[in-house]
Amino acid sequence: MSKSKEKFPSSPNTLHNYFARSPASTKKPPGANPSTPTSALAAGPKAISSSHQANSGTPKSSKAAVKKEIESAGKEKRPAIVKPDADEGDEEPIGTQKKRRRILLLDDTSDNEEEDAGGRNNENKPNNNNYQEGYDEQTGTKRFAMLSSFERPLETAETSERQAGKGEKPLDGTDEGPVQKKIKLEALAEPHDEPGAVLDEPTVWTHQKLDFLKPNKIKDIHGNRPGSEKYDNRTLFVPDSYLNTLTPAMRQWWILKSKNFDCVLFFKVGKFYELYHMDAEVGVTELGFSFMKGEFAHSGFPEAAYDRMSTTLVEKGYKVARVEQTETPDMMQERCKVERTTSKYDKVVRREICQITVMGTEVFGQQVTITANHQPRYMLAITESGRQGTAGCRYGVCFIDTSIGLFHLGEFDDDNQQSRLLTFLSHYPPVLVLHERATPSEGMQRIFKTLLANVKREALTAGTQLWTGEKTLKYLAETVYGGSSSERSKWPATLRTMLDETDSLGLTPKESYQLALKALGGCVWYLQRCLLDQQVLSLATFEEYVPLDEHREATETIAKRIDDAARAKRFMVLDSITLNNLKIVGSEGSLVDRMDHCCSKFGKRLLYNWVCAPSCIKEEILQRQEAVTELIENVDLLQDVRQILGQLPDMERHLAQIHGFGLALRDHPARRAILYEEHVYGKKKMRDFIATLKGFQSLLPLPQMFASVHSQLLVRLTQKANSNPAGVFPSMEKQIEFFESSFDHEKALKSGSIVPEKGLDTEYDAIEQEIKDLNAELEAYL
């Protein structure tokens, strides 16, 4: 105690003496606690004990001051402290305060006295902090209410000098009072004051602050607002004043984005595809990317990962635009010299969109591998018109499987319940629907809200995007078939049947096919916008779609086609209600799922069509049953055939892919694209080509394997035309032998390119000989 007194020099006017004095009442029981929380803070056990022993009374003024202090403290709405229970093992709740203070005890002594809720004294309390009211388990110290007014201010040099000038003592240096404890008050950080709260706030990127992207100011590239009938959500208006403030590369990005606002741009920069602004947010959210450092949102990935990234976004319903560099930096400098341009916006490598991919326009090329999903994904264009004098509508449809280039065209009348249209949509469910921008009929709106509610839809403007039949035929004649439709050797037979015979040029559709060719025009325009028109139309196969319940007399052309679906009463009609209620098609547990044991992808697609449209022709049903019976009885033959067919790739899609590899695109950006992983893509093309070639080669033993069968269907499918009995199996020996001997397969797989054997290509041999002569001449000269 003497040591403690030496630390605090005596002073008649200090805060410590003021709070250390505990005014004695007239009759206090021994061991009573101080009457105020501040007294309990300042006075230790010995100070309280000495005050009890010297209980000789106080002046009336002091007694009145104590009474007034108690009354004023009661008026403040401070939380009442409830006396603990008998077991004294539970912590009592304490009222929450706006700002709490943490008390740090600097010595080892403990108080054994506390104040109850009514200000009365309690005795015989355990000397343990765990049993004290207001004990904080997290900090291991006491909590006291209403102490904000007693917070000690932080001491600075200025305040120390001011106190020294006035002759005052520091707050922590007082006279010799009965002090046992020193207390230190620190503010406990409230939840809203924590530093983590600032880090969790969302980042506001540059594109989120642009005025022309605000919902109340956004426009399409022609200045139309979203509420306008002419508004095109595929485009965006970007003011020139903003474009002029950007770097050349970022200006390129915004110009491309303004024309393809509905796409996620994979913007090529060197060997990487970069995503900027709102596209970067898509990459972070859907692909798991991380934002790069900078003021604007930015993410990316290497060129080799394009297949995985684009396929993931397409599967999630996004539209992906692949932007490639179409010149190198050296080519850019040469161009600037030739054009004599000095603008900074010209001194940047050119970039162009090479392909736009969305679910429904998948084309498997050198950067996109063929997926395991065998089901076709149809892009459907539908047009309609009312029928005069009768109920219902007339519809024109065109649906395409872009992976193999198969086009279906049709036009039919329907009733008020859209029975035929619903049946058609159930048999050929689309993943992308194109329709006219004008307000559709009530029946079409009902279908959009029910059957096609989860299908991506895009509205096309009539005339400019949804072409008329005349404009569609003119485009096909000029770009695909190279002349008028009168040149019958070039035009598909299905399209020729839809032309007006009175037109000498053959570019006028029949009245009964106006809507069908208009729907075809919508599909062609969409393929053109996706930069896929040349690749898909060059291998297109056209077939006419006729509703299964339509009694149309077979024309001469249709009658000659064995597998045409236009013959009257050839198929059983299974409408949408039947297909759904009987669970014929669908996912797990459907009839198709139970019956499908096909080992090839193209076989699975054929079985699906057979189940959706069962044949009503007795001869066909009996032939199929006879073929199945013979295969089941000959188990060895069945196993051998399944082993051969099970190793085949998806031949239809692989042939379409090879066609795309060898296609000479006219003025297409893909021909100018600079790909840094060209050697990888070359090896991939060689693998796919050789796998397809080996698949055809494995089919050559089939005619001999089925030589002893008796089923008419098996004989027709497996025997050649020159055999007896005759079949439709093609002769492929010469073609396969040509590709086997034309180049070295092993070298092609390693190098990714084909080097023809000597004597195969005379032009190539002449160039090779010329190169050798030049090298020899150079060696002789040196």
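Contact here means heavy atoms within 4.5 Å, and helices (H or I, at least four residues) and strands (E, at least two) are DSSP runs numbered from the N terminus. What covers the buried residues of α11 includes β5, β6, α10, β7, β8 and β9. This is a predicted model, in which local features need pLDDT of at least 70 and side-chain atom pairs count only at pLDDT 80 or more, while totals for chains, interfaces and linings use all residues. Residues are numbered from 1 along each chain as its sequence is written, and side-chain values use heavy atoms, with hydrogens and water left out.

**Five-stranded sheet**

- Five strands form an open sheet in the order β7-β6-β5-β8-β9, with mixed pairing; two strands pair if DSSP finds at least two bridges between them.
- The edges are β7 (298–302) and β9 (351–357), each of which pairs on one side only.
- Neighbouring strands of this sheet are turned by 30° against each other on average, direction ignored; axes are lines fitted to C-alpha atoms, for helices over the stretch in contact, and angles run from 0 to 180 degrees between N-to-C directions.
- Parallel pairing over four bridges joins β5 (residues 264–269) to β8 (residues 320–325), and Leu-265 has Ala-321 in β8 as its bridge partner.
- Helix α9 (residues 248–259) packs on the sheet and touches β5, β6 (272–276), β8 and β9, its direction making about 150° with that of β5.

**Helix α11**

- Helix α11 (residues 306–315) lies across β5, β6, β7, β8 and β9 and runs at about 165° to β5.
- Its buried residues are Tyr-306, Asp-307, Met-309, Ser-310, Leu-313 and Val-314, where buried means under 20% relative accessible area, exposed over 50% and partly exposed in between (1.4 Å probe, protein chains only).

**Six-stranded sheet**

- A further open sheet has six strands in the order β14-β13-β10-β11-β12-β15, again with mixed pairing.
- Its edge strands, β14 (456–460) and β15 (541–544), each pair on one side only.
- On average, neighbouring strands of this sheet are turned by 20° against each other, direction ignored.
- Strands β10 (residues 378–386) and β11 (residues 393–401) pair in the antiparallel sense over eight bridges, with Glu-384 opposite Tyr-395 in β11.
- Helix α13 (residues 419–427) packs on this sheet, touching β10, β11, β12 (406–414) and β13 (430–436), and its direction makes about 160° with that of β12.

**Helix pairs**

- α9 packs with helix α10 (residues 277–287) at an angle of about 80°, with their axes 10 Å apart.
- α9 is therefore roughly perpendicular to α10; angles under 35 degrees count as roughly parallel, over 145 as roughly antiparallel, 65 to 115 as roughly perpendicular and the rest as oblique.
- Met-250, Trp-253, Trp-254 and Lys-257 in α9 meet His-277, Met-278 and Asp-279 in α10.
- By class, this contact of α9 with α10 has four nonpolar, one polar and two charged residues (Ala, Val, Leu, Ile, Met, Phe, Trp, Tyr, Cys and Pro count as nonpolar, Asp, Glu, Lys and Arg as charged, and the others, Gly among them, as polar).
- The axes of helix α23 (residues 618–633) and helix α24 (residues 635–646) come within 5 Å and cross at roughly 100°, so α23 and α24 are roughly perpendicular to each other.
- Leu-631, Ile-632 and Glu-633 in α23 meet Val-635, Leu-637 and Leu-638 in α24.

**Asp-688**

- Asp-688 lies in helix α27 (residues 678–698) and is buried, with a relative accessible area of 16%.
- Not counting residues up to four places away in sequence, Asp-688 touches His-654 and Gln-657.
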